[in-house]
Structure formats: C-alpha cells, structure tokens
Amino acid sequence: MAWVTEITAIREAQDRKAFAALFAYFAPRVKSFLMKSGASADVAEDVSQDVMATVWRKAHLFDPRKASVSTWIFTIARNRRIDILRKQRRPEPEELPWGPEAAPDQADALALQQESEQLRSAMAELPEKQKDLVLRAYFGELTHREISEATGLPLGTIKSRLRLALDRLRHQMK
Amino acid sequence: MTEIKHHLTDDLLMAYSAGALPEGFSLVVATHISLCDECRARMLAFDAVGGAVVDDLSPVALSEGSFAETLARIDAVGADAGAETAPEPTTARSGVFPTPLQAYVGGDLEAVRWRRVGGGVRQAVLRVDRSSRVRLLHIPAGTAVPDHGHRGTELTLVLQGAFRDEVDHFGTGDIEIATEELDHQPVADLGEDCICLAATDAPLRFHGLLPRIAQPFLGI
C-alpha cells in the first residue's frame, strides 16, 4: 500500500516527517507533470507547492478503496492545471459518501492498491506508440477526438474492482 | 430509476480524466457519472492511468527552499482557520438534477429559465466557456425536436422521461453520442415530458428553414 501509511500519519497526527517523505517523492514528479503540460518552470514550481499543500490539508478526503495515493495526487494536480493554467471550470461528479469515516473495507482498499500497482506494470509493457499517445493525452496535448487512438488500455480488472467497491458502498447506504 | 443502457465511450472518459474535454462536455460527463456507477468505475480506472503516468515521470529539480515554502503555505492557511475547510463535496441531493448540473443552473429543475423555441419545445442555454455550447431541453410528451445534424459531436443526456430517434430508445440516465454522420430527430415518449442536457462542440445544422433562421437568436 504505497504511501497510504504516510497519508494516514498526516491525517491523524499532522506528521511532518511523513509529509517530508511524500514531498520528496511527489513534488518533483508533480512539477514534471506540470512542465510537460506546458507550464514554465516557475509556474510549475509554484503550482506544485500548492498541490502538495492541498495534499496536506485534504488528507482526510483520501480513500484507499477509490484510488492509490499517486492517482489521488494526479487528480489534484490535474484540477489545478485546468484551474490555473487553462482558466477553465471543471464540473465534478456528485461525491458518494465513501470518505474514511464510512468505515472503509480493508480488503477492498488492499485489493485496489494492488490493482493500481499491476496497472502500472501493465502500462510499462504497452507498445511504444500507444504509450506515447497515453502520455500526450494526460499532458493535455490531445483533443478528445485524437484520444480515441490511445484507448484500449488493460483496465478490465481495476475497473471490476472499483465496481465491486461501489456496489458494496451502495449496499451500505441502503 | 430504469437501468442505464447507453453509456459513455472510452475516449470521452479518458479525455475527461486527462482534463482534455471542453467544459460543456465535462458537464455532461460529470452529470452522467453522477447517475451511473458503471461509468464512475471506468472513470476511476482512467484516473488510475493518470496516477501511473505521474509515478513514471522523471523527477524535475525543485527550487531551493521548496519544502520550507510549502510548509509556510500550510501554516499560513492553518492560522487563517476555517478558510480552506469550507467547500467539502456535497452528497445529499434531492430533486431531478445531479449536483454538478445544479451548480450551472443555480438550483434544481424549478430554477431553470426556459425559453420557447417552437413546436412546444423549450430550452435554456447554460453558460460555459467558448469551447462548447450546452443547453437544457424540455420536450413535451410525444413531441419531436427539430430534425438536425451536427458539425461536431453532440452529447445528449436524458434527465427525465425518454426519447426515441433513428438510432435507438433512450431512457433516464442514458447518453446518446451523435457524431458528424448522424442526422436525427428525437421524439419524446408519450406519458411523460422529456428533459435532456445537450452539449455540442460546434453549431448544430438544422434542416428546416425556420429553425435555421431562428438559430442565431437561440444560441445553439
């Protein structure tokens, strides 16, 4: 469960050591992501500090059944990119009440974290041309029409896992 | 609610996840996902692709004092307590519209400011940036929307009732993705008025003379 311990320590004990470790790994990658997305080094530095401060403040919203820590930080960085670099609004889906306070299912969390790792290895195996398209899509270089050529990723198992967690949540809500 | 039959395509979900959709399309996608767990799971899977992309990036050097500056940002907000804790995601909803749509309408169904567009059909154009156009459509039971084609893509999400066109039957929660090739004339089912959210990334192409003349005034 990569980085989940650190997020938990930040949430529960405002642990600055855990935050320092998280920062050392993610801040240089978030900055890289923003620069690949077209930001200058200065802007990317500023926005990545902002993203990491948000990680600290919103640690209580992280849910390990829904995303890996990398995925969660990606969504924060992406939203800042749309906000600040594109100056656009981004409508978000209605949230489901699956915050950590809803007693997360540990087995679901563990399984999702493992699926995320497996997806990462599966992506490393993609043909070079497809991998390149995926990267360009996530750096915001492609329109949605151009993106159709980048689809066909091995997402079946992680999707089923997420679907299962959602079904369980719906069941609890009843 | 009836079972959703017509879902989002992978390219739309991936583009939404990558942050590459025009604002109006993002609104339709976010509204559909609010109603559809299948597409929500697929969206979360595409978000996971973004996580893998971030993991595999080569790190870039941070500026000197980057960590200390970030801590200072955290402390500055901490001192100004409450300011950042305010907008938590909302989950409670009552009414017809999912929350992302309510944010654009400024309320639920009763807050919509409809305008007549002929043939009993009413619409309300929602304000988004210039990359797309979005409108709500109110089609009385049994009534047809003017026959039209598309220069770009049109996404139509059913929020209430149902319609049928040359392609299929679309019930509440279903989404129709119409491309350049499709000319269609949606007709609302008998029994209930149909309310849809429709977005395009290029102006529509009407076949009748009257809708064509009216088009500039309708903003679609």
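Predicted model: local features only at pLDDT ≥ 70, side-chain atom pairs only at ≥ 80, totals over all residues.
Chain A contains 8 helices and 0 strands. Read from the N terminus, its elements therefore follow the order α-α-α-α-α-α-α-α. Of its 174 residues, 52% count as buried. Among the contacts in chain A with a separation of 6 or more, 69% are made by residues 24 or more positions apart. The chain exposes about 8,000 Å², and carbon and sulfur atoms supply 51% of that area.

One feature of this surface is a nonpolar patch of about 190 Å², made by Val43(A), Ile84(A) and Leu85(A). Val43(A) belongs to helix α3, which spans residues 41–57 of chain A. Its relative accessibility is 33%, so Val43(A) counts as partly exposed, a class that lies between the buried limit of under 20% and the exposed limit of over 50%.

Chain B contributes 70 residues and chain A contributes 66 residues. The size of an interface is often given as the accessible area lost when the parts come together. Here, the area buried between chain B and chain A is about 6,300 Å², with 61% given by carbon and sulfur atoms. Between chain B and chain A, 9 salt bridges are counted. A salt bridge is formed by Asp55(B) with Arg120(A), where the closest N and O atoms are 4.0 Å apart.

Within chain B, strand β5 covers residues 154–160. Because 7 of the 7 residues of β5(B) are buried, this strand is largely enclosed by the rest of the structure. β5(B) is joined by 4 bridges to strand β8 (residues 175–178) of chain B, and the two run antiparallel; in this pairing Leu157(B) stands opposite Ile175(B). A further 6 bridges join β5(B) to strand β10 (residues 194–200) of chain B, again in antiparallel orientation, and here Gln160(B) has Ile195(B) as its bridge partner. In a regular strand the side chains alternate between the two faces of the sheet.

The loop between β4 (148–150) and β5 of chain B holds Thr153(B). This residue has 10% relative accessibility and therefore counts as buried, the limit being under 20%. Leaving aside residues up to four places away in sequence, Thr153(B) touches His144(A) and Arg145(A) in chain A.

Methods:
Residues numbered from 1 in each chain as written. Chains lettered and ligands numbered in written order. Heavy atoms only, no water. Buried < 20%, exposed > 50% of the residue type's maximum accessible area, 1.4 Å probe, protein only. Pairing = 2+ DSSP bridges. Patch = residues over 30% accessible without salt bridge, like charges linked within 9 Å, V, L, I, M, F, W, Y side chains within 5 Å. Areas by Shrake-Rupley, 256 points an atom, 1.4 Å probe, with all protein chains shown as cover. Salt bridge = Lys/Arg side-chain N within 4 Å of Asp/Glu carboxyl O. Contact = heavy atoms within 4.5 Å. Buried area = accessible area lost by both parts, 1.4 Å probe.
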